[in-house]
Amino acid sequence: MELAVAALGSLLPKLATLLTDEYKLQKGVRGEIRFLKAEMDSMQAALDRVSKLPPQQIDDLHNIWVRDLKELSYDIEDSVDSFMLRVDAPGCAKPKSFRRFFDRTIGLLTKAKARHHIADDIQAIRSRIQEVAGRRERYRFPEVAVQPENTEMDPRLPALYEDVKDLVGIEGPAEKLTALLMQGEGAQKQQLMVVSIVGVGGLGKTTLANSVYQRIRGEFQSQAFVSVSLKPDIKKIFSSILRQVSGGEYPNAEAWSHTELIDTIRQILEKKRYIIVIDDVWGESAWTQIKCALTENSLGSRVIVTTRKTDVAKFSCSSIDGTLCELDPLSYEDSKKLLCKRVLNENEEMHSELEDVSRKILEKCGGIPLAIITTASLLASRPNKTKYEWHTVYNSMGSGLHKDKSLENMRGILYLSYSDLPSYLKPCLLYLSMFPEDYEIQSDGLVRLWIAEGFIDEKQGSNLYDLGERYFIELVNRSMIQPLYKKDGSPWACRVHDMILDLIISLSSQENFVTILEGPCHISSACNIRRLSLRGSKSNSKEEQMIFPATVNISHVRSVVAFGDAVEWVPPMSRFPVLRVLAFRSQSRNNIHPKDLGSLQHLRYLELGGDLKTELLEGIGNLKLLRTLELWGGFKGELPASISQLRQLENLLTGPNRVKFPDGTGNLISLHELSCLSLDESPNTLAELGNLTKLRVLGMRIDGLHKNQSYVKTFLQALSNLVNLRRLVFIGDGTCSLDYMPDQWRGPARLQSFYGNFVMFYQVPWWFSSLSELSSLSMWVNLLRQEDLKLLGALPVLRFLDLKVNPYGTTTEEQLVVGADHPFRSLAEFKFTHYTRCWLEFARGVMPKLQRLVLVFEARRREGGGFDIGLENLASLTHVTVEVDCERARMKEVEDVEYKVRDALDMHPNHPTLELSRDFEGLMIKDKDKDGHEVLEESDEDGEYI
């Protein structure tokens, strides 16, 4: 349903644009477009109405109508886009020439033909609209009252009745949660506490909450356990709480008003110590209402909340003293134990031939108990416990699970999470079915794909890329995707759990949203294929590569994403006239003809990899709608001059390769990301950078920046114009300074991330003091001074700092102190690499939010030096990593340093965890030879230390 709404939402603004004077349509055609827009508006209203019906009231006739409407919307949009491209095509720029006159005449004729063509298209579309509406009317049955169906049992209900002896891996989390709920002394223990358990569906949140509830409920005078569910009946929930806490004293409370229910519950709980479990909370509004009944009586009452949404978990903890508890997946050992308990007899052991396949099965289950239990039921249903039978189940996991009816309970639980997604997130999630299982999907690239597909609606005052990032974070918070984090704590990529991937593959197939082909094979499709995900295979047979015969219509395909050697059997580009996305996720062999590539005028996203030839991009200037061009792998050489004509290009990504940018790059005024600009190859582009005022991400390869001071000044002058810059990345070699500008000069005020770990800077630039939004900084400096720490410590939102000091540069022996006048108020993680005897000292009250500290130093430099650096003053410290560089140090020196580190952390009131490691251990001073010379441990030819 929501996919049809999304398709209409993309189309309607374009129909409105066609009605403007810019397109000079004939009066009759404008009338037809008004009719078309009115019909689409009405259909959108009807869709909104149908989407509000309970699922059991939406019959197959409605579903067919929605499917037809979605396909119709796609075709209309393709037709409108084609018309706009023909009409918007620019003429020749040569002044006062016969050629210009000729081109202009041909252009006018072409546009007239295009207007005639759109008129024909609209007539055909009008006929299709009438056909779709007529079919719906012809087969509509008389309205009948909807009979109430049997109420389905909540799929989470069995978790409340699991026998304790059958539970696996719950003892540890249950003990921790019990200790958390019962902890505290005096007044602290008497305060009302809320603990929110958060995790993906099927992880065992309800089971854990119920286990702890049954364990400690005897300690409380009143108890209640209620499930909220996706669409909560608040009055029913209050009635259930009232019956439980009153001991059944109010059996007919459903007839009461909300206020009566709340007041009565509060009166009962006012003088009692109570424990209440609020299970399966989906929204903040539900918690806000339920919280009204929870009185703070200072009697040590406890509330447990379970939810799939991180935002809801945080919200439930915010107004009352609370703790967020993220439930981890089962360990491999517990996963195996649970599988064996469900599949094998009580005293039966797993046969050795099943060990390998069982490990693979458990890896796919990802430690989610529901997935393990469901898969175990499949294995148990097999007639024989053989390696072959279990491999059959393993091979069916993922794309095949939706075909097995025994998995309906698990899919039903996961489908609840999908149903709860807002309409704008559903196509974004389903698009993840384009990627193979266990694939690491980069968040930035995913957002660019969503934008190219039109899934993100530009709202007034909002940037598409900001919205895309919010969509990604929302899917993380809803536990639909598994985030992968950078060092600074921000997510850079995600994976999709196999069980959720199975769900979205099934939904994508039902909706004709994505077509997946695993290896060369002949296909036939009754529906128009819209998106193709091609997965590689090992076959090299040219005969097998002919997977798309001419009888298969692929002219409506919008996206082609190819993985592995599938890039070698992609059909000719000429068969994809409305293609929007073309992404080769493995190295291609120039199997695309330059002329074909230049004809893909609908293309918004182009990603190619491998040793590409420059000639391939000759026609790139024709792709007027292109928003993203990404060239990765071995591409080197020069970008064609015509690229400067792409005024809608927003992302130009060439990786770390030395690629020459043409003059005129400054004309790309829509650019949001430029990476990576090689200074040696494109010095002229430096002066043009200042024109790119929309730039948000800039990557620079600055191998030659230190050779020419004028380059630095030109770059910094351009940098001051980049008012929207969020992230600045430097790679290369050499040493450079960014301090050549006058005092009144200011850097990009909105910069949030600076990454310069691969380039050495003389010192921290003074203008960093103006970067009030800087939250992540990674930098390698030649000199670190006390004033640099003062500058960095004053940055108000700096959360991540990786500071590395050159061991061979200019150093100072002064004691560096992080003092109260530069406290690093927001810093959460700090990595400090320093190779001189001078060291940091942390004063009382500094870095109040620091949780993770990483220290890297040479053992021989710390000889005789204590580790009294004020670690005890870091009040929030929870984890410390120490990397000891052992080069030219004696074993005693290394061990002495490690002892002092452990001793210092033992004194810390938080007792933070310690991760201790040694670098270059093979280069320690082993002993003295007979002449008294120091002998280093060296490696033999095989790399083993001797």
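**Exercise 1. Determine where Gly201 lies, whether Gly201 is buried or exposed, and which residues Gly201 is in contact with.**

Step 1. Gly201 has a relative accessible area of 4% and is therefore buried; buried means under 20% relative accessible area, exposed over 50%, and partly exposed in between (1.4 Å probe, protein chains only).

Step 2. The loop between β1 and α7 (205-216) holds Gly201. Helices (H or I, at least four residues) and strands (E, at least two) are DSSP runs, numbered from the N terminus.

Step 3. When neighbours within four places in sequence are left aside, Gly201 is in contact with Arg308, Ile368, Ile413 and Leu414, where contact means heavy atoms within 4.5 Å.

Step 4. Arg478 is 277 residues from Gly201 along the chain, and the C-alpha atoms of the two are separated by 9.6 Å.

The model is predicted: local features need pLDDT of at least 70, side-chain atom pairs count only at pLDDT 80 or more, and totals for chains, interfaces and linings use all residues. Residues are numbered from 1 along each chain as its sequence is written, and side-chain values use heavy atoms, with hydrogens and water left out.

**Exercise 2. State the strand order of the open sheet, and name the helices that pack on the sheet or lie across its strands.**

Step 1. The five strands of the open sheet follow the order β2-β3-β4-β1-β5, with parallel pairing. Two strands pair if DSSP finds at least two bridges between them.

Step 2. At the edges stand β2 (222-227) and β5 (322-326), each of which pairs on one side only. From one strand to the next, the twist averages 15°.

Step 3. Five bridges join β3 (residues 274-281) and β4 (residues 302-307) in the parallel sense. Within β4, Val305 is the residue opposite Ile278.

Step 4. Helix α8 (residues 234-246) packs on the sheet and touches β2 and β3, its direction making about 155° with that of β2. Helix α10 (residues 284-291) lies across β1 (193-198), β3 and β4, and runs at about 160° to β3.

**Exercise 3. Describe how helices α12 and α13 cross, and which residues meet.**

Step 1. Two packed helices are described by the angle between their axes and the distance between the axes. Axes are lines fitted to C-alpha atoms, for helices over the stretch in contact, and angles run from 0 to 180 degrees between N-to-C directions.

Step 2. The axes of α12 (residues 332-343) and α13 (residues 355-365) come within 10 Å and cross at roughly 110°. The two helices are therefore roughly perpendicular, a term for angles of 65 to 115 degrees.

Step 3. From α12, Tyr332, Ser335, Lys336 and Leu339 meet Glu355, Ser358, Arg359 and Leu362 of α13.

**Exercise 4. Characterise the aromatic pair of Tyr439 and Phe563.**

Step 1. Rings of Phe, Tyr and Trp (its six-membered ring) pair if their centres lie within 6.5 Å; planes under 30 degrees apart count as stacked, over 60 as edge-to-face and the rest as tilted.

Step 2. Tyr439 and Phe563 are 5.2 Å apart centre to centre, with 75° between the planes, an edge-to-face pair.

Step 3. Tyr439 lies in the loop between α17 (426-430) and β6 (441-442), and Phe563 in the loop between β11 (559-562) and β12 (581-584), so the pair ties together parts that are 124 residues apart in sequence.

Step 4. Tyr439 is partly exposed at 23% relative accessibility, whereas Phe563 is buried at 6%.

How values were computed: Angles under 35 degrees count as roughly parallel, over 145 as roughly antiparallel, 65 to 115 as roughly perpendicular and the rest as oblique.
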